[in-house]
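Here's a quick walk through some local features of this model, from charged pairs to backbone angles. Have the structure open and follow along.

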Amino acid sequence: MSEDTHAHQDNEGPNPGLGLDLGAPSAPARPAPTQEAPAAYRVLARKYRPQNFTDLIGQEAMVRTLRNAFSSGRIAQAYILTGVRGVGKTTTARILARALNYEPMDGSAGGPSLDLSVMGKQCRDIIESRHVDVMEMDAASNTSINDIREIIESARYRPVMARYKVYIIDEVHMLSTAAFNGLLKTLEEPPEHVKFIFATTEIRKVPVTVLSRCQRFDLRRVEAGELAAHLAGICAKEGVTIEPEALAIVARAAEGSVRDSLSLLDQAIAHGGGAVGAEEVRRLLGLADKGRVIDLFEALMKGEMARALAEFRDQYDAGADPAVILTDLAEFTHLVTRLKIMPDAAQDAALVEAERVRGLEMAQGLSMRVLARAWQMLTKGIGEVQQAPKPAQAAEMALVRLGYATDLPTPDEALRRLKDQPVTDAPAPPSAPSGGGGGGGGSARLSLAPRPVEARPQMRPAPVAAVAAPAAGPRLASLADVAQYVAAKRDLALKHAVETSLRPVHVEEGRIEVALVPGAPASVIQDLSRKLSDWTGRRWLVSISSQAGGPTLAEENAAVKAEREEGIKAHPLVAAVLARFPGAEVVDVRTREEAPIDTEVLAPSEEDLYAGPGADDELEY
């Protein structure tokens, strides 16, 4: 029997096993309830609820912040805890209330402390939610302004036993607007003996006026590896034998929620009768075998549709839900993508051996474009399966689309192939299959919907349009036009190279002849030729000339800028400013498009020369 069970029984009333003599005649003693009646079972989520900050897992950032705040005496008047369900918001609120009111058992002087390894005077009552000065309120059932008025009224009185009066309001986002407004003044300037702790799963629904008065802590999801290790420790304490793969399945199914993981573990232990295997957990949760999911993924990526559909049907007949199968495929696609980018992610403790080994192999053999396309098709297929009247058929059609799309080129690859293919080699429009049936030799998909041959001649002008199409495009008559066109394509590195590394010799449509600046990379010539050909759809020849060439675009811009600066320095107003402020210099000159004005206005009067710059003048010094 656990310590908590003993404590619970001690609070029920006198213990009949103490042997108290109340003067009653000797009679057959009634058997003690603690000896025959079995103790009430407590679910794992309650039995292993953390009692102090050391027991909390996955919230190291919050614990560190609170520890530093308590040690320096910077204790706020209100805290708000937010996060998904089951990460420990209410438990953390109770532990925080215990830390605020911690008093050693020996009666020695003490203050708020996060070192709760030894029970204090107030700890037991706070843990069991029966302390007179620590009040918990569920905002979901106490939403009105009248409930907040009671809190405001009782906050005026000092605590009865503890150091602070602590108000824990769970699901605080459920309070009404009037209740929030009524709480603002007390929340901002509460009495010194009052502390507020709020918990919510919907932080966006809490008014910003309340958030600004609280210290906010976002309790994060617990990682699957850390959660699996936590569950393994609990199974060791309970004397339960469980496979590591089963722990990984439970940890991932909980999606970062500790309470959900303990509830699933409780159910798995009951299902397995004390020994929990991975296969039993899969059947319990309606999941497919991870190895079989990988086999299905491999068949889809190879385009082996008969094998893929047979594997899917076997998993479906074994009890796996079609939407869950597609979800597992999407998760494995995401895993392969992560392994392709970060191979070190294979060391994650939550991964089974099949995911670690075969995932790395597939990451090396599949391109990023194929993986991205598979992810998009699977996520769309999951939604279709969830809404379809027959989910299994919808899942099979989604798998068919994915399997037949694996060998298709991506859009940019298809465009590149069309550009590289000569127009004369374009295939003629297919004619209707002879015999009106599925004759051999042709594609079965084309024979499903034959079209009349006489309707085809309207499509003959298409090759002419294809020949004329490449002629349309930008006209690049100078190196400045080339730089501007490259900038429009958002290739800033190539634009910088064109402006600083190339000296123009001759530029015409389809041909550019330049001289390289000393020290410039020779690869800029090939990059410019290749990218211009890809962008414009026309062939561009970029060559290096033996001639010196003209100034680079950067040199031309610098010369224009220097000429502008020298011209503006000669302006009487600017010259007066430079003379008035020794050490000042003209940094930049900006031109502005203005409507033509009378030339007489351009001649400044003597008073204007010393009136200083106007409000519209843009001069930088």
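## Salt bridges

R511 and E508 pair up through their side chains in a salt bridge, at 4.0 Å from N to O; the term covers a side-chain nitrogen of Lys or Arg within 4 Å of a carboxyl oxygen of Asp or Glu.

Across the whole structure, a search turns up 30 salt bridges. One links E499 to K495, with the closest N and O atoms 2.9 Å apart. Both residues sit in helix α23 (residues 492-501), 4 residues apart, or about one turn of the helix. K495 is partly exposed, with 23% relative accessibility. Another bridge joins the side chains of D125 and R130 at 2.6 Å, N to O, and R130 is partly exposed at 42%.

## How to read the model

This is a predicted model, so to speak of local features takes pLDDT of at least 70, and side-chain atom pairs count only at pLDDT 80 or more, while totals for chains, interfaces and linings use all residues. Residues are numbered from 1 along each chain as its sequence is written, and side-chain values use heavy atoms, with hydrogens and water left out.

## Two positive phi angles

Most residues other than glycine have a negative phi. S129 has a positive one, near 60°. Where is S129 placed? Look in the loop between α6 (123-127) and β2; helices (H or I, at least four residues) and strands (E, at least two) are DSSP runs numbered from the N terminus. S129 is partly exposed, at 40% relative accessible area.

E171 also has a positive phi, near 50°. E171 belongs to the loop between β3 (165-170) and α8 (177-188), and it is partly exposed at 22%.

## V134 in strand β2

Is V134 buried or exposed? V134 is buried, with a relative accessible area of 9%. V134 is part of strand β2, residues 134-138.

Leaving aside residues up to four places away in sequence, V134 touches A97, N101, I126, V166 and I168, where contact means heavy atoms within 4.5 Å. V134 and R94 are 40 residues apart in sequence, yet their C-alpha atoms are 8.7 Å apart in space.

Terms used:
Buried means under 20% relative accessible area, exposed over 50%, partly exposed in between (1.4 Å probe, protein chains only).
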